[in-house]
Amino acid sequence: MHLKTPGRISEVLEIPVHIRLTAIAALMSLVVFFLPSLTLTLFSIPRMNLSFFQVLQGGQMRLSIHDVKYTLSFSGALPFLLLSLLLPVLILLLIFFYRKITEKVPGRAVSAAVLSLLSVNLVSLILVPTKLISGAVLAKASVGSSDLFFAPQAVGNLCILLLITGLCAAAFGTMGLKMHLRMVSYPYFLWLVVFTVLPLLLIFFAAFFTKNSSGSYVFTLGGFQTLMVPRVIEARFYGLTLHLQEYFSVFLRSLDYAVWTTFGCLLVAYPLAYALSNRARRTHTSSSLLLMFFVLPMWINTMLRTYAWRAFFGQSGVLNNILISLHWIAAPILFLKLDFLSDFIIKLVLVNDFLPFMLLPIYSVLVKLDENVTQAAHDLGANSRQAFSRVVFPLSMPGVISGIQMVFMPALTFYMIPEIISEGSVTTIGTTVQTFILSESVVQQQAGNVLSLLLLIFVLITMGILRNSDKDTGGGGMIL
Amino acid sequence: MAGQSARKARCLRRILSLGTAMAVLASAGLASACSKSLEVSDESVGQTEIVLYNWGEYIADDTIAKFEAKYPQYKIVSRYFETNETMYPNLSNSYDVIIPSDYMVCRLIRENKLQKIDMTQLPNVAKNMDPLFKDVTYDQDKTVSDSVLSYSVPYMYCTVGLVYDANKVKIDPASTDPKTVWGVLFDGQYKNQVGMYDSMRESVGVALNYYGYSLNTTDSAQLAQAQQLLLDQKKNMSPTYGVDNLKDKLASGELVASAAWSGDHQVILSRIEELGNSDKIDLKFSLPKGSNWSVDLMCIPKNAKNVAGANAFINFMYEPEIAFANCEYVGYSTPNVPAKDMLADDVKNNRSYYPDPDTFKTLEIFYSSASIEEVYTALWNTVKASS
Amino acid sequence: MRKLRRYFPNLYIGLIFVFLYLPIVVLIVFSFNSVPKSFIWGGFTLDNYAKLFSGNDGGELLAALLTTLRVAGIASISSTFLAVVSCLGLSYFSKKIQSLVLNVTYIPNIMPELVTGISFMLLFAFLGIQKGQVTLVLAHIAFCVPFAVLSINPKLRQLDRNLSEAAQDLGATQFQAITKVILPEIMPGIVSSILLTFTLSVDDYLVSNFNVDSTVQTLPMKIYSMAKFGVNPKMNALTAIMFLVIFLLLLAANVRTIAESREKKKKYREVIRK
């Protein structure tokens, strides 16, 4: 949606939004003053409580850090404390009474005054703990001075956010900028850069650079070398014994699982989605309830479900017990040990886990399909099969593509299922990345980053191929 | 006019809502301020705390109560960890007594994180500790190894050996020859029925022990041999890799043999009884020469606050009745000589739990160093990756 | 033959239903297990339910559950809020910038969770934030936001462009136009976003694994770490309870739809009879 007229906020008789924000920020810093452990600079030390209200109550301040008790003198911090108390009051008075007195909207000058007052307030709140808690106390409690400036509680973090927003609003008012609704998304751009772009760059960086003993970063291909090490292992695929490089064989096995999982999911989910959407259209309900029941298993923890499968197929598991008690077999079938069977069962469980992810996109596309299209195809002489293969199936492609996207890559890297079912016998690429990243050795960590980078590139290539075969790139078909 | 009054009403409402918000926050703050101030100014009279950092389920239920009854001036606070690796980063918090494993103790000594224990404060230790422990090599660095007993006191130890169902696996129960004992795990006739620890050091150690090599070797030829053995085992025997799930499978009869810790033998025996398989499975434990043993030691970190209390506690743990109770509960082997004498005959005479001095001298502790870790991890990963 | 064909779709649906719910049935059956290891049957007992949160293991279970719920709640609400606010703001930009921003947003969607988790780990190390509660919550919010945007943006796009204009012409302020007109219209998107992000956050293991320290454990992490020591049947009991709760919520949420469809079927039959 692209709105035609730019959104202008302030109206002549109303207090501008940014002034309101500043007022809230000032109010917050006033309230925060009285709340224990909630001053702007919040203490990350456990079991440490400090309230300036208490300081005003008693003449002394007793405080314990890590069970060691200290008595603090606050005489040195008193001026800053008083400042932290007075400044918010001043700001609030200024904002609320300016309009009353002058009949004008608070403009740039007021914003500038408020900005400076807020900044001084912030500084004084920061200086208080550093004056209150001396270096000696910190050293004895083996706490760093940087520990004083980190908010441990969620509410504290919200307060800080609010205070920063207030500062920005005041700065904004000073500069006399017009508030446009666009600005709301600027924080989001920042978020995107920090949490999407930056991590990717960091992976790229970490794949090529490591920290050496003196703390500086050096370019090294150690990670690549670890991955390309010419260790050959035996790997059994479908009865053939292949001799492959170690990590390549692991990758191949993961790829094998991912491809079969995707294919299996598609095979199972498509008819299901088709049947469900037909049913929905026939009974003229949205049939979302039945769909919900197919999605409900997603809520049950994946790993518990995997354990349940293992219990089902295990040597002394449910299936074997049932088969033996029915006298169909004499001894338990080693489902999880025999080559082909265990391979098949791992893929079965993977399909079981990823089925809803394939089902939803295909269903949501099929259900929105206009009935008249199939009708028209029939009218033009197509039989059922042709109507399906030439009309319905191509139209459902966006859903299929979306489903493949949601299944293929996760199945490649979701290492827990093969690991649980095979009880540690099978190593997939995900396990390898996990052991690398969490190992103590720097070279192995780098190898893990290299592997992540390679996986990332692999994803981008696969997605690129898929995207090209489907022109529609508007938001995926997964919405319920 | 109407507009103005509407606006005034709105303004009033806004001020009211702001005011209530402020009041709510402030009252919440005051309420917590009052309760928190109590916390700050509350100083417990007389009693001092001892903070104990221990493995889960590694001390008898009533030991702590007995200690507090005997020493009312101390109160014990227990914290638990699951592995040495998860314990290590938490040591920045202050604990008074910690009970890490051998290699972790060596690492802490190297990093200067432990304080020397004043052995004069621990008369029970001097009296009751098995002198075998004085001759042990705890680390490849001799200075560290020699200093281990000045920084720590052994608590419990265990050995790694073979558990097997004597009804199905026919080997000489008195044999301590690694090839005979470990051979069961590599013998094709027990295909699909053996278990190996899903742990790098233990499993590689079994393979090295089979050939009679040191469990801490970095000789590439020896390691290659061990690797080949493990690879062949994986291909031909399809062992089950696991840690705790192995116990259940041994108890149910799914597995007939597995590498195991001595302490686990008792656990599996009781589980066999629970499942009612005692007549079907005759589980024995065999300890070959040169196998692994490991010990957990009580030590006092450098940043401990209550050293006197820590000493009192460690000394108390070495009282024979207490050590006996702990040993019964945990199931591992105790280094406390009188406590060992109190055990049932079939336990204390079991040479796999309490190896005779000659066998004991052949046992090795796993040394930990970056180079060893790297080589062994690579080896183990290759074994896991192949099929 | 025709009858079979008519019933075949339902048969197939039923078959897949059984397939999907088989592990859940096994789970629930074993939640009544009296042996402390989850999947070796010892005998029937209701103990696991009665003593769900007591004892050492029960206490840990409760702590992990609360952590998971708390983190999921914060993540779903924060990410939905962030998505709503940013989609609204985004709609004022040109098409080019919109599609660029959306493409960047959707990158974590296609990235495997493993890589996402690792990338956040590197990020927090880079920013100097120590792993712990904070990083856990931030990481969850971060990987939920793309899914929230995915749910809300299409709804916003479907909105009639002129709706907000019309509201403002009728005297609403910008703010009122947003809260009273646009928000109610995209409410279904908001609801599905909250549900989606909550689900993803509750079941997440990979991202959590790389972004916590030893003091914090979420429920999936706890369950996975029980792998080596045997899953506690209390886990099964907890899962069974959660399943029941969600099942009932689902029914309650759809009670209206069920009633409606019953009425429709009734009317349909009446019409056919006539």
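Helices here are DSSP runs of H or I with at least four residues, strands are E runs of at least two, and both are numbered from the N terminus. Before going further, note that this is a predicted model, where local features need a pLDDT of at least 70, side-chain atom pairs count only at pLDDT 80 or more, and totals for chains, interfaces and linings use all residues. Residues are numbered from 1 along each chain as its sequence is written, while chains are lettered from A and ligands numbered from 1 in the order in which they are written.

**Colour by confidence**

Chain A has a mean pLDDT of 77, with 74% of its residues at 70 or more. A contact means two C-beta atoms, placed from the backbone, within 7 Å. Residues 36-49 of chain A also stay under 50, with 52 contacts beyond four places in sequence. Where pLDDT is low, the predicted coordinates should not be read in detail.

Chain C averages 83, and 92% of its residues score at least 70. Within chain C, look at helix 9 (residues 206-210) for the highest confidence, 89, and at helix 12 (residues 255-273) for the lowest, a mean of 75.

**Inside chain A**

Back to chain A, where 43% of the 480 residues are buried. Buried means 20 or more other C-beta atoms within 10 Å of a residue's own, exposed means 12 or fewer, and partly exposed is in between; the C-beta atoms are placed from the backbone. Of the contacts in chain A between residues at least 6 apart in sequence, 68% join residues at least 24 apart.

Select A:Val31, in helix 1 (residues 17-34) of chain A. Is A:Val31 buried or exposed? It counts as buried because it has 20 C-beta neighbours inside 10 Å. Draw a distance from A:Val31 to A:Leu276: the two are 245 residues apart in sequence and 56 Å apart in space, C-alpha to C-alpha.

**The nonpolar cores**

Next, pick A:Ala269, A:Met358, A:Leu359 and A:Ile362, which touch the most other members of the largest nonpolar core, a set of 143 residues. Such a core is a set of buried Ala, Val, Leu, Ile, Met, Phe, Trp, Tyr and Cys residues joined through C-beta atoms within 7 Å. Helix 6 (residues 133-158) of chain C gives the most to this core, with 15 residues. The core lies between domain 2 (184-217) and domain 3 (225-468) of chain A, because both give residues to it. These bounds come from an automatic or database domain assignment.

Zoom in on A:Ala269: leaving out residues up to four places away in sequence, it touches A:Leu355, A:Met358, A:Leu359, A:Ile362 and A:Gly403. A second, separate core of 90 residues includes B:Val153, B:Tyr155, B:Val295 and B:Phe360.

**Over to chain B**

Chain B has 17 helices and nine strands, and 41% of its 387 residues are buried. Colour domain 1 (48-157 + 294-354) and domain 2 (158-292 + 369-385) of chain B separately. Their centres, taken over C-alpha atoms, are separated by 28 Å. Where they touch, ten residues of domain 1 of chain B meet twelve of domain 2 of chain B. The domain 1 side has four nonpolar, five polar and one charged. Nonpolar covers Ala, Val, Leu, Ile, Met, Phe, Trp, Tyr, Cys and Pro, charged covers Asp, Glu, Lys and Arg, and the others, Gly among them, are polar.

**Chain C and its contact with chain A**

Show chains A and C together: 77 residues from chain A and 76 residues from chain C make the contact. On the chain C side, helix 1 (residues 2-30) of chain C supplies the largest share, 13 residues.

Finish at C:Met121 in helix 5 (residues 113-127) of chain C. Why does C:Met121 count as buried? Because C:Met121 has 24 C-beta neighbours inside 10 Å. Beyond four places in sequence, C:Met121 is in contact with C:Phe210 and C:Asn211.

Terms used. pLDDT is the predictor's confidence in each residue, from 0 to 100.
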